[in-house]
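Hello,

Here is the structure I promised to pass on to you. Please have it open while you read, and my notes on it follow below.

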Amino acid sequence: MQPVFRFAPSPNGELHLGHAFSALTDYAQCQAADGRFLLRIEDIDRGRCRPEYEHGIYRDLAWLGLTWEEPVRRQSEHGAEYRKAINALRERGLVYPAFLSRAELATMTADPGWPRDPDGAPLYPDSERKRLSAADIAARTAAGQPHTLRLDMTRAIEAVGATAWHEDTEGTVVADPAAWGDVILARRDAEASYHLAVVVDDDAQGVTNVVRGRDLYYATAVHVVLQRLLGLPTPRYHHHRLITDAAGRKLSKSDRDTSLRALREGGATPADIRRMVGL
């Protein structure tokens with residue numbers, strides 16, 4: 001079977017050197033494996049994503065010399081698929097509505113000793129999930145009270161047992177999904193969280209090889225659990241090093257780190273970009 005790779009940026013800002021390194025690494029591995037290269041636009045967060053940034057993604061990747069299959073998958077066009085996956089989990093009693101607002105959650109978990117996930121976010125309180133009866137949940141939902149949908153991670157782990165994935169640079173990695181607690185599957189303003197959407201998308205596109213940054217290494221545990229729960233195959237993973245600034249901080253669109261567009265308009269060539277990221 002021909003391997004399938006994908007690059008999946010979000011159109012919520014200009015691409016920078018970190019994206020260039022990831023895309024070029026991904027593309028090189030795809031070519032070496034004689035694989036198919038796909039592009040996915042992860043625009044599920046409609047409040048932050050902009051058409052001009054999506055056009056910029058196409059422009060920047062083409063400038064770097066990448067080509068991809070058409071049509072490009074856009075998450076905003078596949079809400080029904082995400083809802084179907086959530087409903088399948090809900091029917092098994094693995095999903096529950098979480099009514100705490102961000103401010104309320106921050107207040108409840110302000111203690112420095114409160115457990116946090118690998119990204120540093122506080123875990124959702126077990127007490128909050130357990131204290132609401134089915135009648136309470138039904139009444140709040142019927143009243144239109146805002147809420148997110150979360151995965152009951154304890155029950156999910158009980159359902160799938162021990163989980164692992166294949167990391168190209170390490171071999172078998174035993175997953176630790178419990179470290180993430182009850183992750184969000186759908187937000188008030190989005191039909192799916194990153195965790196759920198990426199799993200559904202990879203299966204829908206037949207992705208066999210996922211190449212992405214080391215910052216998503218630990219999140220793979222959540223993805224493997226969701227794959228097992230939904231009966232989906234688990235791709236091979238390769239989590240590459242991150243491009244950082246002089247202070248060792250990961251480059252970020254939100255921090256307005258120098259974009260590929262600015263570098264190009266300043267006279268940089270694709271060869272310059274490769275050299276700048278150590279390729």
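How many helices and strands are there in the protein chain? The chain has eleven helices and ten strands. Please keep in mind that this is a predicted model.

**The chain as a whole**

The C-alpha trace spans about 60 × 40 × 35 Å along its principal axes. Its radius of gyration is 20 Å, close to the 19 Å that the globule rule gives for 279 residues, so the chain is as compact as a globular protein of that length. Of those 279 residues, 49% are buried. Among contacts with a separation of 6 or more, 78% are between residues 24 or more positions apart. The accessible surface comes to about 13500 Å², and carbon and sulfur atoms account for 52% of that surface.

In soluble globular proteins, nonpolar side chains tend to be buried together. Here the largest nonpolar core has 29 residues, and the members that touch the most others are L151, L185, L196 and L229. At least two residues of this core come from each of helix 3 (79-91), strand 5 (148-151), helix 7 (153-160), strand 8 (184-186), helix 8 (194-204) and helix 9 (220-230). Helix 8 gives the largest share, with five residues.

**A closer look at helix 2**

Helix 2 covers residues 51-63. At 1.5 Å a residue, its 13 residues should span 18 Å, and this agrees with its end C-alpha atoms, which are 18 Å apart. Which residues of this helix are buried? They are E54, G56, I57, D60 and L61. Seen down the axis of helix 2, the buried residues fall within an arc of 155 degrees, so they line one face of the helix. The exposed residues P51 and H55 sit on the face turned away from that buried side.

What covers the buried residues of helix 2? The cover includes strand 1 (4-7), helix 1 (17-32), strand 2 (36-41), strand 3 (73-74) and helix 10 (260-265). Just after helix 2 you will find G65, which takes a positive phi of about 100 degrees.

I hope you enjoy exploring it!

Best wishes

Methods
Residues numbered from 1 in each chain as written. Predicted model: local features only at pLDDT ≥ 70, side-chain atom pairs only at ≥ 80, totals over all residues. Heavy atoms only, no water. Helix = DSSP H or I, 4+ residues; strand = E, 2+ residues; numbered from the N terminus. Expected span 1.5 Å × (residues − 1). Buried < 20%, exposed > 50% of the residue type's maximum accessible area, 1.4 Å probe, protein only. Arc of directions from axis to C-beta. Contact = heavy atoms within 4.5 Å. Core = buried A, V, L, I, M, F, W, Y, C linked by side-chain atoms within 4.5 Å. Rg over C-alpha atoms; globule rule 2.2 N^0.38 Å. Areas by Shrake-Rupley, 256 points an atom, 1.4 Å probe, with all protein chains shown as cover.
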